[in-house]
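Please look over the sequence and the three-dimensional model shown here before reading on. The report that follows moves from the whole chain to some of its parts.

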Amino acid sequence: SYYTFRGTTRGSKIETGPTMVGDEYSDPAIMNYLGARKNTMLGNNFSEYHVDDSPRLVLDKLEKIGFRVVTMTGVGQTLVWCMYKETDCIT
């Protein structure tokens, strides 16, 4: 299964947090493992999960449960990682 999250940069350094790690449809078990809080920003009609950890710590935690980075990109001061984890498929 695929998983994406984003962090922000200030200058040439990745900020310490918060890091957006999911949306309202994210796996609750993963959000719990990351210690994420579900927030709805004023004016938005959707929720996002955030952690206080830096993106590096989030990457480390997700790697421990089998995710690997597939790609990452930067847009302005926002960095986005796409990760993948093999799952058992029943056909």
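## Surface and overall make-up

The accessible surface of the protein chain comes to about 6,200 Å², and 52% of this surface belongs to carbon and sulfur atoms; such areas come from the Shrake-Rupley method with a 1.4 Å probe, and for residues only the protein chains shown count as cover. This is a predicted model, in which local features need pLDDT of at least 70 and side-chain atom pairs count only at pLDDT 80 or more, while totals for chains, interfaces and linings use all residues. Residues are numbered from 1 along each chain as its sequence is written, and side-chain values use heavy atoms, with hydrogens and water left out.

The protein chain has 2 helices and 7 strands, where helices (H or I, at least four residues) and strands (E, at least two) are DSSP runs numbered from the N terminus. Read from the N terminus, the elements follow the order β-β-β-α-β-β-α-β-β. Of the 91 residues in the protein chain, 32% are buried; buried means under 20% relative accessible area, exposed means over 50%, and partly exposed lies in between, with a 1.4 Å probe and protein chains only.

## The nonpolar core

The largest nonpolar core has 14 residues, and those with the most contacts inside it are V21, M31, L34 and L62. A nonpolar core is here a set of buried Ala, Val, Leu, Ile, Met, Phe, Trp, Tyr and Cys residues joined through side-chain atoms within 4.5 Å. At least two residues of this core come from each of α1 (28–34), β5 (48–51), α2 (55–64) and β7. In soluble globular proteins, nonpolar side chains tend to be buried together.

In α2, the residues P55, V58, L59 and L62 are buried. They lie on the same side of α2 because they cover an arc of only 100 degrees around the axis, the arc being that of the directions from the helix axis to the C-beta atoms. R56 and K64, on the other side of α2, are exposed. After α2 comes G66, which has a positive phi near 100 degrees.

Strand β6 (residues 68–75) pairs with β7 in the antiparallel sense over 7 bridges; two strands pair if DSSP finds at least two bridges between them. Within this arrangement, M72 has W81 in β7 as its bridge partner. The hairpin has 2 residues between its strands, and G76 takes a positive phi near 60 degrees there. Strand β7 (residues 78–84) is mostly covered, with 5 of its 7 residues buried.

E48 is placed in strand β5, and it counts as buried because its relative accessibility is 13%. The side chains of E48 and H50 are joined by a polar contact of 3.5 Å, a term for a pair of N or O atoms within 3.5 Å in which, within protein, one must be able to donate a hydrogen and the other to accept it, and residues adjacent in sequence count only if both atoms are side-chain atoms.

Leaving aside neighbours within four places in sequence, E48 is in contact (heavy atoms within 4.5 Å) with residues including R6, M20 and G22. R6 belongs to strand β1 (residues 2–10) and is partly exposed, with a relative accessible area of 30%.
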